[in-house]
Amino acid sequence: MKDKDLSEALDSIREAMQEQKKNNQKRADEFWDNLSYDDKLAAFYSVVQRICKGELNEKGSYRYVLYDVFGFSSDAYALGMECGYLELHNSIYSFQEMQK
C-alpha cells in the first residue's frame, strides 16, 4: 500500500511540475511577444553578454553565473534548469574541458 501511495504522490508532483513549466513558458512567451523589437534586441544583448561574461570570460559555475553575474537569488536555480540553462552551462563546460 505504501508503494502505491508513494507512486501516486510522485505522479502528483510530476504533474504539478509539468503544469508549472507550461505556465512559465506561457508567461515567458507572452513577455517576449509584448516587447518591442528594440526591447527584444536589448534583452537578447543583455542576456547573452552576461552568459558570455560568466561562462567564457570568468569560467564560472552554474550558481556563480545565476547569483553573481545575473544577480538572481536561489529561486532562479530550478528555473534555470527548467529553461535549459543548466544544460547549456554543462555543454559549455564540457567543451572547455575538451579543449584543454
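## Contacts along the chain

In this predicted model, 36% of the contacts in the chain with a separation of 6 or more are made by residues 24 or more positions apart.

## Secondary structure and overall dimensions

The chain contains five helices and zero strands. Read from the N terminus on, the order of its elements is α-α-α-α-α.

The radius of gyration of the chain is 17 Å, whereas a compact globule of 100 residues would have a value near 13 Å. Along the principal axes, the C-alpha atoms occupy a box of roughly 55 × 40 × 25 Å.

## Burial and surface

Buried residues make up 17% of the 100 residues of the chain, where buried means a relative accessible area under 20%.

The side chains of the chain include 13 that are positive and 18 that are negative. The centres of these two sets are 3 Å apart.

Helix α3 spans residues 62-69, and its buried residues are Y62, V65, L66 and V69. These residues lie on the same side of α3 because they cover an arc of only 120° around the axis.

After α3 comes G71. The phi angle of G71 is positive, with a value near 80°.

Terms used
Residues numbered from 1 in each chain as written. Predicted model: local features only at pLDDT ≥ 70, side-chain atom pairs only at ≥ 80, totals over all residues. Heavy atoms only, no water. Helix = DSSP H or I, 4+ residues; strand = E, 2+ residues; numbered from the N terminus. Rg over C-alpha atoms; globule rule 2.2 N^0.38 Å. Buried < 20%, exposed > 50% of the residue type's maximum accessible area, 1.4 Å probe, protein only. Contact = heavy atoms within 4.5 Å. Lys, Arg positive; Asp, Glu negative; His and termini not counted. Charge placed at Lys NZ, Arg CZ, Asp CG, Glu CD. Arc of directions from axis to C-beta.
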